[in-house]
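Here's a quick briefing to read alongside the model. Have the sequence and the 3D view open as you go.

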Amino acid sequence: MGLSNVAGNRIEPEATRTLTLATTDQLTGAGGFTKGDAGTLAISASQNFAGSAVVSAGTMVLSSAATFTAASNVTVNAGATFSNNSSVALSRDLVLAEGAIVAGTGAFAPTSLTITGDLSDGFTTFAMGSTSLTKSNTLAMTLTGITNGSFTLFSGSALTGTFSALTVNGTALTNIGSGNFAGSAGGFDYTFTDSSNVLGVVPEPSTMALVGLGLATLLWMRRKRSA
């Protein structure tokens, strides 16, 4: 079976179904595809489409020696699962929404890693388990609901390496050595500690000063009105 010109197409196995792409099955074309519905897409051979793969629901599994030879990136949405059980490390750009599940016995060595999350109610840690994640190149964080606190981004027994660059909402933080980063963006100071994979967030001192001034002004106006 050959699936050509896959740009914009959806592959949607039903909840109880597994669709398997074997050696003779190829996804080809300049575009990418979206894996939808609650079923499983099992890929056991290398695929050479040139676009992006989006796992919007259900599970996508790479097995055997499967890989994406020309894909530009792989996006995993919240609640969806991407398992790499292949003997080949996934080396494409990887985009993970908070709540995405990354699993398997294979390795992840993305050329860049982007994570999105809402910090207002904490952060759902990417629990990698025994899956190997090599931290290298750029970690880009797209964050909303930003508030002060400490947020563990990754956990697992097979995390290796260090990121070479880190950005928060497009602002690059400074590499302060040993895979650690620090910097300010949008009124907050950020630190990333490589050994614990913790992102620390605190308001910038100038922001706190403005908040304090605003509170003082509000109290003064209330007292003036009640006088």
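Which residue in S21 does Ala140 stand opposite? Ala140 faces Thr167 there. Keep in mind that this is a predicted model, where local features need pLDDT of at least 70, side-chain atom pairs count only at pLDDT 80 or more, and totals for chains, interfaces and linings use all residues. Residues are numbered from 1 along each chain as its sequence is written, and side-chain values use heavy atoms, with hydrogens and water left out.

**Sheet and hairpin**
- Strands here are DSSP runs of E, at least two residues, numbered from the N terminus, and two of them pair if DSSP finds at least two bridges between them.
- Nine strands make an open, mixed sheet in the order S2-S5-S7-S9-S11-S14-S17-S21-S22.
- Its edges are S2 (9-11) and S22 (171-172), each pairing on one side only.
- S17 (138-144) runs parallel to S21 (165-168), with 4 bridges.
- S23 and S24 form a hairpin with 2 residues between them, and Ser178 in the turn has a positive phi of about 60°.
- In that antiparallel pair, joined by 3 bridges, Asn175 sits opposite Phe181.

- Beyond four places in sequence, Ile115 has contacts (heavy atoms within 4.5 Å) including Leu96, Phe123, Leu139 and Ala140.

**Asp194**
- Asp194 lies in the loop between S25 (188-193) and S26 (198-203).
- Asp194 counts as buried because its relative accessibility is 13%, and buried means under 20% relative accessible area with a 1.4 Å probe, protein chains only.
- Its side chain makes a polar contact of 2.9 Å with that of Lys135; such a contact is a pair of N or O atoms within 3.5 Å, one able to donate a hydrogen and the other to accept it, and residues adjacent in sequence count only if both atoms are side-chain atoms.

Definitions and conventions:
Buried < 20%, exposed > 50% of the residue type's maximum accessible area, 1.4 Å probe, protein only.
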